[in-house]
Amino acid sequence: MNRGVTLIEMLIVVAIIAVMVGITFPSVSSGIDSLRLMSAADSLVSFLNGALGRAERRQEAIEITVSKTDNSVILRSTEPGYERKLEMPTGVTIENILPPLPMGTEAERSFLLYPGGAAPRIGVEIANRRGSRRTVSVNPLTGVPQVEQPENR
């Protein structure tokens, strides 16, 4: 009695596996894109919290620069040499800097945080490759960064 697998049986198994991978790949890649977007939003909230906290704890002015061209957010302090940079992960881009200026869109914008002062209205809209968006903004009343999911356009 011969035992083994014929070439036809092997081809059928490989074809079934290929069909299963083809069906599940889009949902898996969509899930990964969503995770990257949520992770980027959470990182941005932490970054802004750190900037607000540093301005209060150290009693020093902080500059936050949002750059659409570099796809990053940069934090600078009055302390010499202090600079932190948060780059968006692959597949996540900075789409808008809020509040919008009347003269149109700009590639880079800076905000200043003063110790003991009110938090400025800062908003950064990020998006992934599939078009999902999140807006990370600082509530000017509470001074707490929050993540919002904008309505579909």
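Let's start with Val66. Leaving aside neighbours within four places in sequence, Val66 is in contact with Ser72, Val73, Ile94, Ile97, Ala107, Glu108, Arg109, Phe111 and Val124. Contact here means heavy atoms within 4.5 Å. This is a predicted model: local features need pLDDT of at least 70, side-chain atom pairs count only at pLDDT 80 or more, and totals for chains, interfaces and linings use all residues. Residues are numbered from 1 along each chain as its sequence is written, and side-chain values use heavy atoms, with hydrogens and water left out.

Now the core. The largest nonpolar core has 29 residues, and Val66 is among those that touch the most other members, with Ile64, Met88, Leu113 and Ile126. A nonpolar core is a set of buried Ala, Val, Leu, Ile, Met, Phe, Trp, Tyr and Cys residues joined through side-chain atoms within 4.5 Å. Buried is under 20% relative accessible area, exposed over 50%, partly exposed in between, with a 1.4 Å probe and protein chains only. Several elements supply at least two residues each, including strand 1 (62-67), strand 2 (72-77) and strand 5 (108-113). Helix 1 gives the largest share, 10 residues. Helices (H or I, at least four residues) and strands (E, at least two) are DSSP runs, numbered from the N terminus.

Four strands form an open sheet, order 4-6-7-8, with antiparallel pairing. Pairing takes at least two DSSP bridges between two strands. Strand 4 (92-98) and strand 8 (145-148) are the edges; each has a single partner strand, so one side of each is left without a neighbour in the sheet. Neighbouring strands are turned by 20° against each other on average, direction ignored. Strand 7 (residues 133-138) pairs with strand 8 over 4 bridges. There, Val138 stands opposite Pro145.

What packs on this sheet? Helix 1 (residues 7-58) does, touching strands 4, 6, 7 and 8; its direction makes about 10° with that of strand 7. Axes are lines fitted to C-alpha atoms, for helices over the stretch in contact, and angles run from 0 to 180 degrees between N-to-C directions.

Last, Arg54. Arg54 lies in helix 1. Buried or exposed? Arg54 counts as buried, at 7% relative accessibility. A polar contact of 2.7 Å joins its side chain to that of Glu79. That term means N or O atoms within 3.5 Å; within protein, one must be able to donate a hydrogen and the other to accept it, and residues adjacent in sequence count only if both atoms are side-chain atoms.
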